Amino acid sequence: MTEIPARQDAAMRRDPPHPGWAIADGCIGPEAARHGGERTIAAAAARLGVTPVQLSRVIHGHCAISPAMAVRLEMAGWGSAEGWLWEQARWDIARERKRMAA
């Protein structure tokens, strides 16, 4: 097995934020509304074609960003579907590493 350099190993062990946080921070709220986002979860959910509960669960980290949600986010102009799924995978891997280390 190839040894991972210490700096890369430390970076991989950091807990990345759940990608739902990026939706809440960059796509919803008064500041986001000035840059093409929405003011409320309800308005963002309507734009994405999902229920406010569904979007709220993603934002609060209670469920993952699915491929369908990633495409919806992309269609709304909020990043690429691949980027959203990469962030979700990064979070899932960090969580699994932590679980296996415990």
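1. Let me start with Val53, which counts as exposed because its relative accessibility is 58% (exposed means over 50% relative accessible area, buried under 20%, and partly exposed in between, with a 1.4 Å probe and protein chains only). Val53 sits in helix 5; helices here are DSSP runs of H or I with at least four residues, strands are runs of E with at least two, and both are numbered from the N terminus. Between the C-alpha atoms of Val53 and Ile41, which lie 12 residues apart along the chain, the separation is 8.8 Å.

2. A word on the ground rules. This is a predicted model, in which local features need pLDDT of at least 70 and side-chain atom pairs count only at pLDDT 80 or more, while totals for chains, interfaces and linings use all residues. Residues are numbered from 1 along each chain as its sequence is written, and side-chain values use heavy atoms, with hydrogens and water left out.

3. On to the overall picture. The chain has seven helices and zero strands, so to speak an α-α-α-α-α-α-α order from the N terminus on. Of its 102 residues, 28% are buried. Among contacts with a separation of 6 or more, 46% join residues 24 or more positions apart, a contact being heavy atoms within 4.5 Å. The accessible surface is about 6800 Å², and carbon and sulfur atoms hold 58% of that surface; the areas come from the Shrake-Rupley method with a 1.4 Å probe, and for residues only the protein chains shown count as cover.

4. Helix 2 (residues 19-27) deserves a look. Its buried residues are Pro19, Gly20, Ile23 and Cys27. They line one face of the helix, because seen down the axis of helix 2 they fall within an arc of 115°, where the arc is that of the directions from the helix axis to the C-beta atoms. The buried residues of helix 2 pack against helix 3 (30-33), helix 5 (52-59), helix 6 (67-75) and helix 7 (81-101). Just past the end of helix 2, Gly29 has a positive phi of about 125°.

5. Which residues have the most contacts inside the largest nonpolar core? They are Ile23, Leu48, Leu55, Ile65 and Leu73, in a core of 18 residues. At least two residues of this core come from each of helix 2, helix 4 (41-48), helix 5, helix 6 and helix 7. For reference, a nonpolar core is a set of buried Ala, Val, Leu, Ile, Met, Phe, Trp, Tyr and Cys residues joined through side-chain atoms within 4.5 Å. Leaving out residues up to four places away in sequence, Leu48 touches Leu55, Met69, Arg72, Leu73, Ala76 and Trp78.

6. Helix 5 is crossed by helix 2: their axes come within 7 Å and cross at roughly 115°. Helix 2 is therefore roughly perpendicular to helix 5 (65 to 115 degrees counts as roughly perpendicular, under 35 as roughly parallel, over 145 as roughly antiparallel, and the rest as oblique). Gly20, Trp21, Ile23 and Ala24 of helix 2 make the contact with Leu55, Val58 and Ile59 of helix 5. Axes are lines fitted to C-alpha atoms, for helices over the stretch in contact, and angles run from 0 to 180 degrees between N-to-C directions.

7. Helix 4 also packs on helix 5, at an angle of about 105° with the axes 8 Å apart. These two helices are therefore roughly perpendicular to each other as well. Here Ile41, Ala42, Ala44, Ala45 and Leu48 of helix 4 meet Pro52, Leu55, Ser56 and Ile59 of helix 5.

8. In helix 6, Met69, Ala70 and Leu73 are buried. Seen down the helix 6 axis, these residues fall within an arc of 105°, so they line one face. Pro67 and Met75 are exposed on the other side of helix 6. Cover for the buried residues of helix 6 includes helix 2, helix 4, helix 5 and helix 7. Just after helix 6, Gly77 takes a positive phi of about 85°.

9. Arg72, in helix 6, is partly exposed, with a relative accessible area of 33%. Neighbours within four places in sequence aside, Arg72 is in contact with Leu48, Gly49 and Val50. Gln88, in helix 7, counts as buried at 3% relative accessibility. With neighbours within four places again left aside, Gln88 is in contact with His18, Pro19, Ala64 and Ile65.
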